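Morning, everyone. Please take a look at the model on the screen, and then I'll walk you through it.

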Amino acid sequence: MARAPSKHGRDQALDWELSLKDKDKKMRPQQPNKEAPKSRDFGTSSYSTNYEPMNTVSSSFTSEDGLPDAASEKDLGNEYFKQKKFKEAIDCYSRSIALTPTAVAFANRAMSYIKIKRFQEAENDCTEALNLDDRYIKAYSRRATARKELGKLKESIEDAEFALRLEPHNQEIKKQYAEAKSLYEKGILQKVSGAIKISEQDKQKVEKSGTTVNGHSIQPVSSTTQRTETTAVGDHTKKINTNGKQASKLSVQELASRAASRAKALAAENITPPSSAYQFEASWRGLSGDRALQAKLLKAISPSALPQIFKNALTVHILVDILKCVTTFFIDEMDLAVSVLENLTKVPRFDTLIMFLSSNDKADLAKIWDEVFYNEATPIEFAEKLDNLRAKYCLKR
């Protein structure tokens, strides 16, 4: 029969245990004198290998079996962030991501990168966060900040705008959106003004000093000749001289129009199936005004993928706009069009979106059904499906 340990033996074991605990405390990094922090996210998704060097793992934030834990590493990163030890925070978030990638860990590491002005890494981390959760408002906001600092103003505006759609009353994001838009518009005006100035300077050089164009000599115009021509042309020349500002404005509009056309043409060349609601909306807006290109984008997506792409981020405006686009290819590709309509009803929150349709939206959809979907060319099997779909879109016949 085993003997119970003596009092002396028990005291020795206790002393040994206390000694070990004391040594463990000394090895731990000093933490703020407070309770263990709750999981939190600071500030206003796929696995990434862009980690900071990490040579040690904190012994104070570990799981019960002594191994590092993703949530604990994230919490420790939050503590370092509050102490403004951003590089240490990045190490902790990196360990957390390596153990279990989460949108919050990526977004928190992005915020730490922003604090040390490493904006490209911050943008990358926000994109990773959105790949894991495409409705994560803080990831959009932080990526907007990073992109603004990188000079990607148009993309920054799109991020802030999408975040506002998810949270319309967020004052901080409203301010962020306004700042990015203001910088973007100033940049366009500067480019346009510079182009006009260069054009005017070239014209003045031609007028002041003779030059040769296509083998013909162009001589400077004398003041006497200029007066004679002015007299001969009369009021028309005076109008041109006095309306220089108007001509400049027209030039600005023309250049802006050309820039928009070039951007749209570039977007058309790079149409690829989006993987999230954000990517879809960005591409959709880029092709705004051109139903043929929007239809091309819609056809590039498998209809069955629509619920996964939009998740909870489909808006009433985009829903109605998609239906209007479907009408452009309904007759020629009826099977595809009906499949798109069916799969849109499977998007999360579809019933809620239908509840928020305005009277004008309902009238537009009713008109689409009556004038496009119900026609003599519609086969019976599709007509039956469209009847069922009409009921889901809450339209009375």
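Are Phe 330 and Phe 373 buried or exposed? Phe 330 is buried, and Phe 373 is buried as well. Buried means under 20% relative accessible area, exposed means over 50%, and partly exposed is in between, with a 1.4 Å probe and protein chains only.

A quick word on the ground rules. This is a predicted model, where local features need pLDDT of at least 70, side-chain atom pairs count only at pLDDT 80 or more, and totals for chains, interfaces and linings use all residues. Residues are numbered from 1 along each chain as its sequence is written, and side-chain values use heavy atoms, with hydrogens and water left out.

Back to the rings. The structure holds 10 aromatic pairs. Rings of Phe, Tyr and Trp (its six-membered ring) pair if their centres lie within 6.5 Å; planes under 30 degrees apart count as stacked, over 60 as edge-to-face, and the rest as tilted. One of the pairs is Phe 330 with Phe 373. Their centres are 4.7 Å apart, the planes make 45°, and the pair is tilted. This pair links distant parts of the chain, 43 residues apart. Phe 330 is in the loop between helix H15 (316-326) and helix H16 (334-344), while Phe 373 is in helix H18 (residues 359-373). Helices (H or I, at least four residues) and strands (E, at least two) are DSSP runs, numbered from the N terminus.

Now another pair. Trp 369 and Tyr 393 have ring centres 5.2 Å apart and planes at 50°, so this pair is tilted. Trp 369 lies in helix H18, and Tyr 393 is in the segment after helix H19 (380-392), so the pair ties together parts 24 residues apart in sequence. How accessible is each one? Trp 369 is buried, with a relative accessible area of 0%. Tyr 393 is buried too, with a relative accessible area of 0%.

Next, the helix H15. Why is H15 described as largely enclosed by the rest of the structure? Because nine of its 11 residues are buried. Among them are Val 316, Ile 318, Leu 319 and Cys 325.

What does H15 pack against? Two packed helices are described by the angle between their axes and the distance between the axes. Axes are lines fitted to C-alpha atoms, for helices over the stretch in contact, and angles run from 0 to 180 degrees between N-to-C directions. Take H18. The axes of H15 and H18 come within 10 Å and cross at roughly 15°. H15 and H18 are therefore roughly parallel. The cut-offs: under 35 degrees is roughly parallel, over 145 roughly antiparallel, 65 to 115 roughly perpendicular, and the rest oblique. H15 passes H18 in a left-handed crossing. Left-handed means the near helix is turned anticlockwise from the far one by less than a right angle; right-handed means clockwise. The contact (heavy atoms within 4.5 Å) includes Val 316, Val 320 and Leu 323 of H15, and Leu 365, Ile 368, Trp 369 and Phe 373 of H18.

On to H13. H13 and H15 pack at about 100°, with their axes 9 Å apart. That makes H13 roughly perpendicular to H15. Contact residues include Arg 291, Gln 294 and Leu 298 of H13, and Asp 321, Ile 322 and Cys 325 of H15.

H13 also meets H12. Helix H12 (residues 277-286) and helix H13 (residues 291-299) pack at about 155°, with axes 9 Å apart. H12 and H13 are therefore roughly antiparallel. H12 passes H13 in a right-handed crossing. Phe 280, Ser 283 and Trp 284 in H12 meet Arg 291, Gln 294, Leu 297 and Leu 298 in H13.

Last, two loop residues. Lys 117 has a positive phi of about 65°, although it is not a glycine. Lys 117 lies in the loop between helix H4 (103-115) and helix H5 (119-132). Lys 117 is exposed, with a relative accessible area of 64%. Arg 349 has a positive phi of about 70°, and Arg 349 is not a glycine either. Arg 349 is found in the loop between H16 and helix H17 (350-355). At 36% relative accessibility, Arg 349 counts as partly exposed.
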